Amino acid sequence: MKQLLAEAEELINTGRCDEAVELLCRQGVPEESRVCELIALAHHQREATRGDVFSAVVFAGRALAQGSTHPQMQKIIDASKRKDKEGGTHLSPQDYTLGGWNETREAGDAPLNSCALSRLNGKADAPKDFDWLGKNIPCQKACPASTDIPGYLSAIYEGRHEEAYHINLRDNVFPAVLGRVCARPCESECRHGWEDLGDPVAICFSKRSSADFKQQDLVVMDKWFEDSGKRVAVVGSGPAGLAAARQLALLGHSVTVYEKHNTPGGMMNQGIPVFRLPRDIIAKEIEQITALGVEIVCNTEIGKTIPLSKLTEQNDAVVMAAGTLRPNLLDLPGKELEGIRHGLDFLLEVNDTGTTQIGKQVVVIGGGFTAMDCARAALRLGAEVKVCYRRTVNEMLVTPGELEELEHEGIPVEYRVTPKAYIGTNGKIKAIQFIRTEMGEPDESGRRRPVEIEGSEFELPIDNILLATGQFPDTEWIDDALKSELAEADGWLKPEQAIDKIFSAGDFSTGASSLIQAIGHAKETARSVDQFLMGKIRLRDVATIEDVTESGRIREMDAVPLQPMPMIDLRKRDLPTEVELGFDEEASGDEAQRCYQCHYKYEIDSDKCIYCDWCVKAKPRPDCILKIKSLHHDAEGRVVGWDIAQTADEISQIWINQDDCIRCGACVAACPVDAISIQKVSLVTEPIV
Amino acid sequence: MKAQPGLTQVEKDKLEIDPDFDFREIAARPFTAISPNELAMFKWSGVYHQLQPSFFMIRIVTPGGRMTTRQFNRAVDLAEQYAQGELCITTRQTLQFHWIRQEDIYKIIEGMAEVGITTKNGCGDVPRNIIGDSLAGVGPQQVGDSLKLIRAMAADDEIQNQRNLPRKHKISVASSNDALAQTLMNCQGWVPVERNGTVGWKYHAGGGLGARPYLAKLIFDWVPEALVLDVTRAAIEAFRRHGDRRKRTHSRLKVVVDQMGAKKFGEVLIDIMKEKGVQELDAIVFANHPVPAIGRMSINGEAVIPQKETGQSIVRIMIERSELTTAQSRAISKLADERGGGIVMFTNRQNIELHDVPNENVEKLIKALHTTGFRTEGHEHLPDIVACVGTTLCKMAISDSPDAYHRLYAALATDEKYWKAIGTLRINITGCPNNCAHAWIADIGLRGTRTRNAEGGSTEGYSIFVGGKLSEAGKIAEYLCDAPTEEIVCAVKKILDVYLETRNGNDERFVDFCERIGVKTFQELIK
């Protein structure tokens, strides 16, 4: 017993009060003076809650009744007594401005700096508002075109495919195209894919559903502004050129797009194989742009048919969106041998003519979108294909799911191999020599640099090599009068805009990237063009805030599994047949319901809140609702950190940490005083009137 | 497939965990080997894990709030041995033990079982302790025999073996048409009515407090006594069928009745009884109008109430903060045996009444009580404050309601002239929105809260509600103001002073005053 008491005392001294009490209780009902003393001291020391104070008093009283002479006991009892405040009292009802889900907010400034947004309702455009949108709707933030993903997913879930398509059309210009071939930077950011939360929502495939299940007539958007009388020429009818043209048309300008090829579409048409992207899909979405009055002039190569300088004279502004057509060819021994082709040329020919000459043994070098398309196209032309990449799967820049399809179609990938030399006879390639690599320090792109392993060279016999090793903008077509002003000596555009009426958009400006990146960039470019033409900013981004009574979600939706994309059978896979069949209508709804709807903001009114902490008890994640001592803000009023309260008196507010919130609504259901509001916050681009 | 609503964790636990634990086995288990889900299901046996780790609370079941001294003595003995010598009277007319060790739970359960008292259904999603009014069986206005019905319901398998209701279920049976039985805040409320010399029952349903209070509606004007049990069972079945198990905050019968309306709910009950083959349902008379008409409280501060049977009386003892030490309990028990009828009745204001006291003993009994330190004056007046355990023992609480009790009691209940001038007044202090201490239906209800303070933390306090009642159609108290804990005495005094100054003569009760002036004016007056 003596030893047990000493042990308990030691536990108390080291702050392990609960363990001390448990130990003391194990020996029997606490009765003896010393046991009661120690329990009193343990709870007194803990003193995190009024319950600790109370039990310290109870057991101090017991100890005294058992004859304790411990000086602390009476002190514990005396110290617990609360005193009435002297003087009067000011009695008034608690007032609050935020309120709960069943209350309507005025569109005034947010009253507390703990508020997530700068205003309570309506439109807000302070830095903290955009910061909220970026952090809370990570998919939209990740989308270069800022697509309102929760907005269209909820429309799909509710069966409003038409509206879902409109949202996409507004934001990313080519929903049906992107719904098939987008690089999907959004999906890797999706909250549903966070650790322990399952798989990201199939955002891209859902986008396709919106196109598949809407009415199939042309969708012609309403213009933001009346005709401006300004003329803009766009060089190149790829995704960037067309996106810029569409935006400029919506802004009221007269736009002509010049395309050297016989069909508009750029990389969509000439780069991406038909089996991933049927051509009627592209044509239809381009038609929706021409329906706005945009003129597309094909078979017209700027620099040959018309010089850029003339185009510049004839128009109020020019947008260069000529893409990246200068292939990066590897400078290896034997590079002059026949049978070495750049992947883009290969794809262009296949897409144009439906076939091309290709040998039996084909190696594709590269680890990006083009490599995947080359490999799968070559396979469909009867070749035995292998992809060789100098880094690992983690560094590949491919569309999610595409590697799996490669494997499914039986195309092997050899990782960590760098080509060293082409080997040929009679001027024709016969083999290629590689050396194995291991991954070193990250390079300037942030990807780990391959380091060659000495003595690991090997050869692969081949008939054809397809180089998917990148491509650069080509500025050769710019006539000399302008070239020195616009382009660098190495053929790239100058980083700063050199001539005030000549703009650039998409890959031509940024270097090779994805469709969605090009579209996002083109949208930005169009805004710059408009500002230049009109001498003022005519579009603005705002966060629109609307009251909502419930999100419509139930927790079980979180457990719905990722819907698989139905695909055609391997035996039926040929060049013209689309592999992915698209979700059926039911699956599209099933998938869309998985979205957490991150555009909903759950917020506690800390004046209406009674600090019962029932929401804290109901919370699904460790950090989604916090008992805050103080929030830290930056100069713009954004929350940048916090201190957690250790005692009840320290709690300045019970606060929903929206970064960690999965929009389950458990807190709203648990709140006994309806102090938690739900609001929908959306990023909207609107004309300034 | 569109996601279908599934079972919540509580609902799964109810299906997967047998609530009838072997507490001898639990005694031998390390605490860490008890899952949180099991711990939650202990409640079905009246056992709660207390706020203080290592300790448990046990609530027993005393239908109608009545105990013999033999039963009470056992509780006192067990409390002395295992519960730090302390018993607490609840607002549902029963007793709670605190500070029970995990190893001793079964000792309490078995010890009480030996004197015929169970802890089964002490808590959980079950029919809880069936209450009535403390005058049951003896009150001067008594109609019929409420105790007989309460006992029948407590013994009825079909009612009591409901271990998986959507939520808790509360039944009250009144001994007369008297707000004392709290008919309107129970899920089911029976009120006796006599017609042409026959006793039948008025049936109310859908009351309940909690965070979102509802007052019961009148369903049937007349249910023959022979059908009372059938209707009670049918209502539980209706609750099983229609209670919303998805949202615990909306799962009680009060929500079902509110959504269906009184008439529809009555029809549902009739249909269920038809399914079960219950006969003579035509004898049940539907209420024309769902608004209840409960009689005003018949008692108003009396220390002694003559019983219906001549020659005996009820003697009422006020128990400070509902807490009984072993010495106090033994003293009461001894007096109940020596001077009374060996019966102890727990009231819903957490006090004790001794029943069947021969009239000739009354004076001596009261003297003895006073000598022992008990007070018998002040019932239904300012000294008669109800409070839950608040943050002292409960995990849900926000405020230390016993502390507010003691300070209000010390400051205001001692001034006899003051509280007598005020007249009838019930102050109820509840530590959280669950409203165990019934702040919604008190003259002055305090509900625990915290408020952000200027120093960057928060301050414990109370939201103050006024004008609640359970008589006539009932009334949920209205929000008046907030006050920090350290100003609570001052705040209540100010409210009462305003009432004293502004009331319409000395006869206007606080509750009527509130109704007349309205809460907005009241808010102005106390500024």
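These exercises work through a predicted model with chains A and B.

**Exercise 1. Check the length of helix 15 of chain B, then find which of its residues are buried and what they pack against.**

Step 1. Helix 15 of chain B covers residues 488-502, which is 15 residues.

Step 2. A residue counts as buried if 20 or more other C-beta atoms lie within 10 Å of its own. In helix 15 of chain B, the buried residues include Ile488(B), Val489(B), Cys490(B), Leu496(B) and Tyr499(B). Lys494(B) is buried too.

Step 3. Now look for the partners. The buried residues pack against three helices of chain B: helix 13 (401-413), helix 14 (416-422) and helix 16 (510-525). They also pack against strand 18 (444-452), strand 19 (458-466) and strand 20 (478-484) of chain B.

**Exercise 2. Trace the open sheet with the order 6-7-8-9-10 in chain B.**

Step 1. The sheet has 5 strands, and its pairing is mixed.

Step 2. Strand 8 (residues 198-205) and strand 9 (residues 217-224) of chain B run antiparallel, joined by 5 bridges. Trp201(B) has Val223(B) of strand 9 as its bridge partner.

Step 3. Helix 10 (residues 262-275) of chain B lies across strands 8, 9 and 10 of chain B. Its angle to strand 9 of chain B is about 40°.

**Exercise 3. Describe how strand 20 of chain A pairs with strands 21 and 22 of chain A.**

Step 1. Strand 20 (residues 625-633) of chain A is antiparallel to strand 22 (residues 653-656) of chain A, with 4 bridges. Ile628(A) is bridged to Gln653(A).

Step 2. Strand 20 of chain A also pairs with strand 21 (residues 639-644) of chain A, again antiparallel, over 5 bridges. Here His632(A) is bridged to Gly641(A).

Step 3. Check the turn. The hairpin of strands 20 and 21 of chain A has 5 residues between the strands, and Gly637(A) takes a positive phi near 85°.

**Exercise 4. Characterise the side of chain A that touches chain B.**

Step 1. Chain A gives 43 residues to the contact, and chain B gives 49.

Step 2. On chain A, two or more residues each come from helix 2 (17-26), helix 4 (50-65) and helix 22 (585-592). Helix 4 of chain A gives the most, with 6 residues.

Step 3. Sort the chain A residues by type: 17 are nonpolar, 13 polar and 13 charged.

Conventions. Residues are numbered from 1 along each chain as its sequence is written. Chains are lettered from A and ligands numbered from 1 in the order in which they are written. This is a predicted model: local features need pLDDT of at least 70, side-chain atom pairs count only at pLDDT 80 or more; totals for chains, interfaces and linings use all residues. The expected span of a helix is 1.5 Å times one less than its number of residues. A residue is buried if 20 or more other C-beta atoms lie within 10 Å of its own, exposed if 12 or fewer, and partly exposed in between; C-beta atoms are placed from the backbone. Two residues are in contact if their C-beta atoms, placed from the backbone, lie within 7 Å. Two strands pair if DSSP finds at least two bridges between them. Axes are lines fitted to C-alpha atoms, for helices over the stretch in contact, and angles run from 0 to 180 degrees between N-to-C directions. Ala, Val, Leu, Ile, Met, Phe, Trp, Tyr, Cys and Pro count as nonpolar, Asp, Glu, Lys and Arg as charged, and the others, Gly among them, as polar.
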